[in-house]
Amino acid sequence: MGMHAKRNLNSVIFHVGACLLGLLMIYPLVWLLASSFKSNATMFHNTYSLIPEEWDIATNFKSGFEGIGGVKFITFFINSTIVTIVGMVGCVGTSLLAAYAFSRLDFKFSNFWFGCVMMTMMIPAQVMVVPQYIILKKVGLIDTRAALVLPWFFGGAFFIFLMVQFFRGIPKELDEAAAIDGCNKFQILFKILVPIVRPSIIISSIFAFYWIWQDFFQPLIFMNSTRKFTIPLALNMYLDPNSYNNYGGLFAMSVISVLPIIIFFIIFQRYLVDGIAMDGIKG
């Protein structure tokens, strides 16, 4: 009985601690949602309170959707959606091809080039912006959506590394059997290997979607026209130290901007868990 009571006590402590930690992690999102219901006049009267002193939901969301600088918020949302989806597909697709080459094809200095790719993970993204800007400027792509999408079409070192680990866990005898049946390299990749490494592709897609959607720095450098801004840049425009700060509209549109990330994660989170489990089993 003593051991049973001790196990129950440990279980209660664990679950209570997990719930408290979960509440601590989710509090910023709950605070954001609650703040989108408050009026601008009472927004910061009691900052930590989740209960509005004065409700102003309709005004906040209406002013938020009206946009800024004469541009509707839906325009910014469409810009972010196009850039994110195209960039994600390009990044994951090129990373898949690179991972396949490094893990399944024999070519000269393959280990050296793979090491070079891995070393790029230590280079801050901000360092790459200057050469990217110079190149995009020379080809006339500054202030276009292509400027935000094109850098992602050269793959990501993290995604390449992740997929390489999955590819290396697949016996090469599968490639040889498919080659005997008449499959070429692309057929082996897309018909045989891609279904097996699908969890790594989903994981890469989740991270790529999040990174591109919330990216503020590259659009800030590459874009000039307000109508072509993505959501992170647009949200920054709701605050103007020289005039009126529309905190209600800012928080309301921040809630809207977070929804695609949450929905995308909920839809594909089971693949994230499966991918981690498979990687752990292989290890």
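Predicted model: local features only at pLDDT ≥ 70, side-chain atom pairs only at ≥ 80, totals over all residues.
Residues are numbered from 1 along each chain as its sequence is written. Local features need pLDDT of at least 70, side-chain atom pairs count only at pLDDT 80 or more, totals for chains, interfaces and linings use all residues, and side-chain values use heavy atoms, with hydrogens and water left out.

The protein chain has a mean pLDDT of 86 (the predictor's confidence in each residue, from 0 to 100). In this chain, 93% of residues reach 70 or more. Among its elements, helix H3 (residues 73-104) has the highest mean pLDDT, 94. Helix H13 (residues 247-282) has the lowest, 77. Helices are DSSP runs of H or I with at least four residues, numbered from the N terminus.

The structure holds 1 salt bridge (a side-chain nitrogen of Lys or Arg within 4 Å of a carboxyl oxygen of Asp or Glu). Arg104 and Asp175 form this pair, at 2.6 Å from N to O. The pair links distant parts of the chain, 71 residues apart. Arg104 lies in helix H3, and Asp175 in helix H8 (residues 173-180). Both residues are buried (under 20% relative accessible area, 1.4 Å probe, protein chains only). Side chains of opposite charge can pair when their charged atoms come close.

Helix H5 (residues 125-138) has 14 residues. From first C-alpha to last, H5 reaches 20 Å, close to the 20 Å expected at 1.5 Å a residue (1.5 Å times one less than the number of residues). H5 bends by about 25° at Pro131 (the angle between axes fitted to the seven residues ending there and the seven starting there). Val129, Gln132 and Leu136 of H5 are buried. Gly140 follows H5, with a positive phi near 75°.

Note on methods: Helix = DSSP H or I, 4+ residues; strand = E, 2+ residues; numbered from the N terminus. Buried < 20%, exposed > 50% of the residue type's maximum accessible area, 1.4 Å probe, protein only.
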